[in-house]
Amino acid sequence: MMLSMISLTAFAFLLFSAFQADVQSEKTMSVAEATFEIPEDIQNILDKSCFGCHNVDATSDKAKKKLLIDQMHELSKIKLVAALGDIRETVENGDMPPQKFLDKFPDKALTAEEAEKLKDWAGKAADDLLK
Ligand code: HEC
């Protein structure tokens, strides 16, 4: 009887801890999700020129290590700000998409207007996160 009381208590405690951990991770997730959403016009630009190499199912490990567009909402705030800064910088410098890729698929290049939109968005989204 005594023994079963102890194990029942232990079980209840385990259950409680698991529940706590769950609540905790849900909280942090929803904060990131609530503050970070890619607007549709930006998503369309990213889909055309960037997503193919920077998503979890892409083939280039190098590109995936640097940026996963479909996982950005899972990043901590500080990493997200850094990723947005990197996007802004690469677009500003004309480094992305890579030239070799554009030689083969010239229609994937960012137009001047798209580059401008992408830079503006990345800058503003980073600023918003830091407010
Ligand atoms: C053809 C594949 C491909 C496409 C398309 C592409 N990238 Fe990349 N990207 C890469 C590769 C490969 C790297 C890693 C380069 C390296 O490590 O030298 C990279 C690196 C990056 C980095 C990290 C830069 C750094 O120095 O840390 C950013 C940010 C980035 N890409 C953003 C973009 C954006 C924004 C677009 C669309 C405008 C884009 N990429 C399109 C392949 C691609």
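Which residue forms a salt bridge with R88, and how far apart are the closest N and O atoms? The partner is E92, and the closest N and O atoms of the pair are 3.9 Å apart. The model is a predicted one.

## Overall fold

The protein contains six helices and zero strands. Along the sequence the pattern reads α-α-α-α-α-α. Of its 131 residues, 26% count as buried.

## Helix α6

Helix α6 covers residues 112–130, which is 19 residues.

The buried residues of α6 are E114, A115, L118, K119, W121, A122, G123, A125, A126 and L129. The list includes two charged residues, E114 and K119. E114 has a relative accessibility of 17%, and counts as buried because the cut-off is under 20%.

## Salt bridges

The whole structure holds six salt bridges. One of them joins the side chains of K48 and E114, with an N to O distance of 2.7 Å. This pair links distant parts of the chain: K48 belongs to helix α2 (residues 40–49) and E114 to helix α6, 66 residues apart. K48 is partly exposed at 26% relative accessibility, whereas E114 is buried at 17%.

An α-helix has 3.6 residues a turn, so residues three or four places apart point the same way. Both partners are partly exposed: R88 has a relative accessibility of 30%, and E92 has 46%.

A further bridge connects D128 and K131, whose closest N and O atoms are 3.1 Å apart. D128 is partly exposed at 47% relative accessibility, while K131 is exposed at 79%. Elsewhere, salt bridges with shared partners join R88, E92, E116 and K119 into one network. K119, a member of that network, is also among the buried residues of α6.

## Positive surface patch

Helices α3 (61–66) and α5 (99–104) each supply at least two of its residues. The largest share, three residues, comes from α3.

## The loop between α5 and α6

F105 sits in the loop between α5 and α6. Is F105 buried, exposed or partly exposed? With a relative accessible area of 39%, F105 is partly exposed, because that value falls between the buried limit of 20% and the exposed limit of 50%.

F105 and S49 are 56 residues apart along the chain, and their C-alpha atoms are separated by 9.8 Å. S49 falls within the residue range of helix α2, 40–49.

Key. Residues numbered from 1 in each chain as written. Predicted model: local features only at pLDDT ≥ 70, side-chain atom pairs only at ≥ 80, totals over all residues. Heavy atoms only, no water. Helix = DSSP H or I, 4+ residues; strand = E, 2+ residues; numbered from the N terminus. Expected span 1.5 Å × (residues − 1). Buried < 20%, exposed > 50% of the residue type's maximum accessible area, 1.4 Å probe, protein only. Salt bridge = Lys/Arg side-chain N within 4 Å of Asp/Glu carboxyl O.
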